[in-house]
Amino acid sequence: MNALSPVYTEKAQCQDCYRCLRNCPVKAIKIEQGVASVLEELCIHCGKCVAACPSGAKKVRDDIASVEKLLASGKDVIASIAPAFRSEFDRVTDHDFVYAVKQLGFSGVSETALGAEEVSGHVYRMLNNSTGADHPMISTACPVVVNYIRKYFPSLTGMLTPVLSPMLSHATMLKELYPDTAVVFFGPCIAKKDEIAQFPNICDSVLTFQNLRMMFEQKGITFGKGKAGTDVFIPRKAKEGTVYPVDGGMIAGIRGNGRIIDRHMMHFSGIPEIESVLKSLSTLKPEEPLFLELLACSGGCINGPVAQKGDGILAKRISIVRNTSDLKWENPKVTVENVEGITEPLDIPTKEVSIDAIIKVLRATGKYTVSDELNCGGCGYLNCRDFAKAVVEGRAEPAMCVTYMRKLASKKANKLISAMPLGIVLVDTSMRIIECNERFAILAGDDARMIYEQRPGMVGAVLDKVLPVGSFFRHVLETEEDISGREININNRLLRCTIFTIEPGLIAGGIFSDITDPEMQREEIIKRARSVIRKNLSTVQKIAYLLGENASETEMVLSGIIECFGPQDQEG
Ligand code: SF4
Ligand code: SF4
Ligand code: SF4
């Protein structure tokens, strides 16, 4: 078994966006120095973070190498194929599919749906043997739901049906039927990788349908070569178990065993819906005779975390139903007795966090009153207090609060802009001022200065009314070509301006200086003299020739100008 967790982060690829955290239903992700990592003890292996990560940094452990080793060992290895394969490999015939899998070196191919039928039989027996009013019963077909309840709703673990999942029931059945074989499961699910570690020696490895496709590709295996009647599922073709991967399929399978007396059978899928059901169960403690089929993936395993998106849920359901509608369901017989699941709570590390510690973090991130707590979710947590608690616990960093960081950055930028000796203005496409500093208002004239005093920043003012330079900004916004060092005469003063793009096509910025200002003139002379000296010696020699002097004399003259106007260490 690979030492990595089923879900992990390739740290070098992490872009510090917190999208995985936002999508993780149990916040089992730690951000440290801007890099996300999965907290295995909190994780329920739902795979939401893998689907959400935009940079592909969240990975599913790849166990192909260990399966290839098993196949090369000479041992018989049977492939257990999850019933969602019908939506994943839509329109591939059973014999073509079985033939292709056997080409990879498997000794036989079997449908996990047979294990689902075992589960249906056991649950049917349990439901009809119980009084019907004991307590609600919860299905254990989905390992994410089992993890979720064992870790986050420990008081409900007694409601979990003590039955192995279809995958483990199937592997148990195969090992009884074919002693001394290994079993490798293929499906759309990540949590099964964790499930086999919780039940060692039943199923030997778990790969995904993506892995299967990759193995076909690597070996150049294509469909269309199987023979009907020869390339068949062992020990037989599945029946009602084939509907398990759709929401409600388990209940349909249980009902295939016969009438259910005195039980309300309900099914829910998707973690938000399941969370709401489990919260209600915890608080209401209903005594109604319920059986709840819960699947973590919305719509069922056909939408598993590593299932193909395909043509959507309707097309997937159709491909499952198409293959089941002509089956004659018989009363299945339970053939495997050893199907007890684990229904005890699973301890997760928890820390007592004082309200003082939470308030300290809130203050450190600029939240002094309740109205400062925006609960925007930008950090990945549901609200500011959950975020502050995670910071205290060492799972999050203050810099994750985007609103605080934005305010901080904007404060710093404002300070810099207002301290600048140059006029600065930002303008949008409607030629209205987004922001300017006081120096810009001074350069623009007395009217602008008065407006600025009334309305610092002059937000919303029409640029051309303040300073007739709108055409420059329009040009920059339309062409994305900067205008550099343009000189304009305004009220007998010469202004030099540089206009540049800030947000292409949306925002342009301008820097203005008054080069008729004596202070600016002084700096300008220094700058130009330095520039002349630095350009190169040949330029200096040309000046020398024109002045009829030698080069070093010219350099001395120009350096003298600088010394007259400013200190030597002043930068040009
Ligand atoms: S989703 Fe998570 S793992 Fe992926 S780049 Fe963003 S922070 Fe990193
Ligand atoms: S697999 Fe699920 S529970 Fe685990 S970190 Fe990812 S989103 Fe969270
Ligand atoms: S619904 Fe199916 S695919 Fe999704 S986590 Fe549960 S068992 Fe796995």
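Select Ile318 to start: this residue is partly exposed, at 43% relative accessible area (buried is under 20%, exposed over 50% and partly exposed in between, with a 1.4 Å probe and protein chains only). The model is predicted, so local features need pLDDT of at least 70 and side-chain atom pairs pLDDT 80 or more, while totals for chains, interfaces and linings use all residues. Residues are numbered from 1 along each chain, chains are lettered from A and ligands numbered from 1 as written, and side-chain values use heavy atoms, without hydrogens and water.

Colour helix α13, residues 313-322, which holds Ile318 (helices are DSSP runs of H or I with at least four residues, strands runs of E with at least two, numbered from the N terminus).

Next, show strands β14 (483-490) and β15 (493-503), an antiparallel pair with 6 bridges (pairing takes at least two DSSP bridges). Ile488 faces Leu495 of β15. The two strands form a hairpin with 2 residues between them, and Asn491 in the turn has a positive phi of about 50°.

Now go to ligand 3. Around it are Cys142, Cys189, Cys297 and Cys301, among others including Lys192 and Gly304 (near means a heavy atom within 4 Å).
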